Amino acid sequence: MPKRYIRPMSNTENGGSSEARRKQLLFRCRRRGFKELDLIFGAFAAAYLDGLSEVELEELDALLNAPDDDVYAWLRGRVPVPQTYASPVFDKLKAICNRKSPTWNV
């Protein structure tokens with residue numbers, strides 16, 4: 001696994017609160033600093049974040065820690081997604097990219 005930009009969040013670090021972790025992930029989804037990914041991850045978070053399991057939260061966290069240019073290339077289909085990041089969460093993110101007439105107000 002590549003080096004992490006941000007240390008992993010665990011429920012222990014957040015006082016045992018899954019809600020705090022989801023709030024942190026929501027913030028990170030909306031504020032990656034790469035506008036296109038902010039929109040894609042923000043739309044994903046608005047649609048799916050509340051219903052993600054702990055495993056899916058880990059998958060999302062891993063994608064948020066991957067380099068922006070790589071993630072964007074995977075989502076746009078320019079480069080195949082590495083097996084490490086291939087997951088149902090990635091598939092949902094990719095589906096957001098492939099929507100017809102998307103709305104990006106997140």
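This is a predicted model: local features need pLDDT of at least 70, side-chain atom pairs count only at pLDDT 80 or more; totals for chains, interfaces and linings use all residues.
1. Arg28 is buried, with a relative accessible area of 11%, where buried stands for under 20% relative accessible area, exposed for over 50%, and partly exposed for what lies in between, using a 1.4 Å probe and protein chains only. Residues are numbered from 1 along each chain as its sequence is written, and side-chain values use heavy atoms, with hydrogens and water left out.

2. The partner of Arg28 is Asp61, and their side chains meet in a salt bridge at 2.7 Å, N to O; the term stands for a side-chain nitrogen of Lys or Arg within 4 Å of a carboxyl oxygen of Asp or Glu. Because Asp61 belongs to helix H3 and Arg28 to helix H1, this pair ties together parts that are 33 residues apart in sequence.

3. Searching the whole structure gives six salt bridges, and another of them joins Glu54 to Arg21, with the closest N and O atoms 3.3 Å apart. Here too the pair links distant parts of the chain, since Glu54 sits in helix H3 (residues 54–65) and Arg21 in helix H1 (residues 18–30), 33 residues apart. The two partners can be set side by side: Glu54 is partly exposed at 36% relative accessibility, whereas Arg21 is buried with a relative accessible area of 2%. Arg21 and Glu54 also belong, together with Glu58, to a network of salt bridges.

4. Lys92 lies in helix H5 (residues 88–97) and Glu56 in H3, and the pair connects distant parts of the chain, 36 residues apart. Lys92 is partly exposed, with a relative accessible area of 26%, while Glu56 counts as buried at 18% relative accessibility.

5. The axes of H3 and H5 come within 8 Å and cross at roughly 60°; these axes are lines fitted to C-alpha atoms, for helices over the stretch in contact, and the angles run from 0 to 180 degrees between N-to-C directions. From H3 the contact draws on Glu56, Glu59, Leu60 and Leu63, and from H5 on Pro88, Val89, Phe90, Lys92 and Leu93, contact being defined as heavy atoms within 4.5 Å. By class, the residues of this contact are six nonpolar, no polar and three charged. The classes count Ala, Val, Leu, Ile, Met, Phe, Trp, Tyr, Cys and Pro as nonpolar, Asp, Glu, Lys and Arg as charged, and the others, Gly among them, as polar.

6. H1 packs with helix H2 (residues 35–48) at an angle of about 145°, their axes being 7 Å apart. H1 contributes Leu26, Cys29 and Arg30 to the contact, and H2 contributes Leu37, Asp38, Phe41, Gly42 and Ala45; these residues divide into five nonpolar, one polar and two charged.

7. The largest nonpolar core has 27 residues, and those with the most contacts inside it are Leu37, Ile40, Phe41, Leu60, Leu63, Leu75 and Leu93. Such a core is a set of buried Ala, Val, Leu, Ile, Met, Phe, Trp, Tyr and Cys residues joined through side-chain atoms within 4.5 Å. The elements giving two or more residues to this core are H1, H2, H3, helix H4 (68–76) and H5, and its largest share, six residues, comes from H2. Setting aside neighbours within four places in sequence, Leu75 is in contact with Leu37, Ile40, Phe41, Phe90, Leu93, Lys94 and Cys97.

8. Taken over the chain, the secondary structure comes to five helices and zero strands. Buried residues make up 38% of the 106 residues, and residues 24 or more positions apart account for 59% of the contacts with a separation of 6 or more.

Notes: Helices (H or I, at least four residues) and strands (E, at least two) are DSSP runs, numbered from the N terminus.
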